[in-house]
Amino acid sequence: MAHRDLTEGPVWRALAHVSAPMSLGILAVLSVGIVDAYFLGQLGADPLAAVGYIYPVTAALTSLSIGLSAGANAAISQGLGRRDDAATIHRLGLHAIGLGLGLSLFVAGLFALAYPLIFGAMGASSAVQAQIDAYVPLWSLSFPFLVVMMITNALFRAHGDASFASLFMILAAVVNIALNPVLIFGAFGLDGLGTAGAALATLVGRVLAATAALTFAWRYGYLDWCGRLLKDLGDSLKQVTAVGAPAAFSNAINPAGMALVTAAVATLGDAAVAGFGAATRVQSVAIVVLLALSAGIGPVVGQNWGADKPARAQCAVLQSWAFCVAYGAVLGLGLSVFADPISAAIASGSEAAAFTADYLRVVGWSLFGYGMLVTANAAMNGRSKAVYSMTLSLSRIFAVYLPLAWGGVFLFGYPGILAAAVIANIAAVGGALYFCHRASLLPQRDDLRGALVT
């Protein structure tokens, strides 16, 4: 079994070693949303609007996999930092996967039954609801495979081996993207399935990637029966859920909040929903580097906290934030300059494209704040302070973003939505500073310079 010690050497190098491969994996996964929007947009406005409704809800459900993987990562990386024996690490991994499989089956079944009520409450028209009906059942079948893949990937990342985690994320995305045009439009004698074809492509990709990840983990020793499989089961579940439950809720807060923001946008019409949905998918790809950084900082903080090296964990937080500010400035400029061609390429119709372009020009400049939020959350999860990260995300969405979005849309229309997004991202900076200080993840002022260059 491979293992990279993240408790020695320059902290920036440890961050880069885990984050760089994850940027490719996350980009591959997020690109699926862009490709779905591109192909479904060719079918008309209704399929594209359906994706605008579906995306934030499925992203909220996906938070279960993200939360459980965060819990597994925190427990295993801290165990590695403490130099726990291999049998304990293996057993903990198996318990995490079993927990994830059971919960994902329950959530997938519940969503398959309740989705008509959910999207009806969000304001989906009957034509859009018909497209949603074609997509959601197949997506629900794919969800348990996603959860198993994500938790298995967390095992790789906890060991500092993010290249393997990235590999299986890329596999799922490549299969999905390759099958999209075939299943949506039809080819090789197959009839096109339309919106259902996009969901079926997702299902096939996730099944193959989850199977491959488990096979690799078992073959190369990241997982093993290790004897007495049920030993310390309660303790394992406690370790994983202590971080996983609030982390899942924390990650669900943003897309769930986005679903409620989408409901506010829906008061402006389907074109606004389509344009807003397209913009948020572009945003997801644009911040992939920041999301990869958040995936990388968790194992670094976890291993160093387990090894009783808090100064290195603090250094990781400060260095990640410095990167967020620099990258955010470049990103804001790029989205402002290229807003029109990006919007024309992804949005369906000139009206939707205008909504997309406005979002990218305005909100793009504030994305550094969102980067600081997600890296702070990941660091606190790695430190087993997931309640802090949950509180931070909850405050950003429900105390700032949602009230301002609903008030703004009634007073100013779409510009009010954009202003709410910017203010929420900037407010996240102050929240990240406060909660990371509470979690002892920021150095004292006298140690600040040394922490930045460690």
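Is C315 buried or exposed? C315 is buried, with a relative accessible area of 0%. That is a handy place to start a walk through this predicted model. Here are some notes to read with the structure open.

1. **The cysteines.** Let us stay with C315 for a moment. Its sulfur lies 14 Å from the closest cysteine sulfur, which belongs to C436, and that is too far for a bond. A disulfide is a covalent bond between the sulfur atoms of two cysteines. To be counted here, the two sulfur atoms must be within 2.5 Å, so a separation of 14 Å rules the pair C315 and C436 out. C436 is in no disulfide either, and the cysteine sulfur nearest to that of C436 is in C324, 11 Å away. Like C315, which has a relative accessible area of 0%, C436 is buried at 0%. The total for the structure is zero disulfides.

2. **The largest pocket.** Now turn to the open spaces. The largest pocket holds about 290 Å³ of space. Which helices each supply at least two residues of its lining? They are helix 2, residues 45-82, and helix 3, residues 86-121. Helix 3 gives the most, with seven residues. If you want to find the pocket on screen, select its lining residues, including V57, L61, L64, F106, F111 and I118.

3. **What that lining is made of.** Sorted by class, the lining of the largest pocket has 11 nonpolar residues, one polar residue and no charged ones.

4. Two or more lining residues come from each of helix 1 (11-41), helix 9 (288-306) and helix 10 (310-337). Helix 1 gives the most, with six residues. Among the lining residues are W12, L15 and S23, together with V289, L293, Q319 and F323. By class, the lining divides into eight nonpolar, four polar and no charged residues. Looking back at the largest pocket, its lining also has no charged residues.

5. **A helix you can check by hand.** Helix 6 runs over residues 195-219 and has 25 residues. At 1.5 Å a residue, helix 6 should span 36 Å, and its end C-alpha atoms are 37 Å apart, so the two values agree. Just after helix 6, G221 takes a positive phi of about 85°.

6. How many salt bridges are counted? The count comes to three. One of them joins E8 and K309, whose closest N and O atoms are 2.7 Å apart. E8 sits in the segment before helix 1, and K309 is in the loop between helix 9 and helix 10, so this pair ties together parts that are 301 residues apart in sequence. Both partners are partly exposed: E8 has 49% relative accessibility, and K309 has 27%.

7. R361 takes part in a salt bridge with D340, with the closest N and O atoms 2.5 Å apart. D340 lies in helix 11 (residues 339-346) and R361 in helix 12 (residues 350-363), so the pair ties together parts 21 residues apart in sequence. R361 also meets D358 in a salt bridge, at 3.7 Å from N to O. R361 and D358 are both in helix 12, three residues apart, which is about one turn of the helix. Put together, D340, D358 and R361 are linked in a network of salt bridges. As for accessibility, D340 is partly exposed at 46%, D358 is partly exposed at 33%, and R361 is partly exposed at 31%.

8. **A leucine in a loop.** Where is L230 found? L230 is in the loop between helix 6 and helix 7, the latter covering residues 233-266. L230 counts as exposed, at 65% relative accessibility, because the cut-off for exposed is over 50%. The C-alpha atoms of L230 and L94 are separated by 9.6 Å, while the two residues are 136 residues apart along the chain.

Methods. Residues numbered from 1 in each chain as written. Predicted model: local features only at pLDDT ≥ 70, side-chain atom pairs only at ≥ 80, totals over all residues. Heavy atoms only, no water. 1 Å grid on protein atoms, 1.4 Å probe; cavity = no way out; pocket = protein on both sides within 12 Å on 5 of 7 lines; lining within 4 Å. Points joined across faces, edges and corners; volume = space filled by probe spheres on them. Helix = DSSP H or I, 4+ residues; strand = E, 2+ residues; numbered from the N terminus. Nonpolar A, V, L, I, M, F, W, Y, C, P; charged D, E, K, R; others polar. Buried < 20%, exposed > 50% of the residue type's maximum accessible area, 1.4 Å probe, protein only. Expected span 1.5 Å × (residues − 1). Salt bridge = Lys/Arg side-chain N within 4 Å of Asp/Glu carboxyl O.
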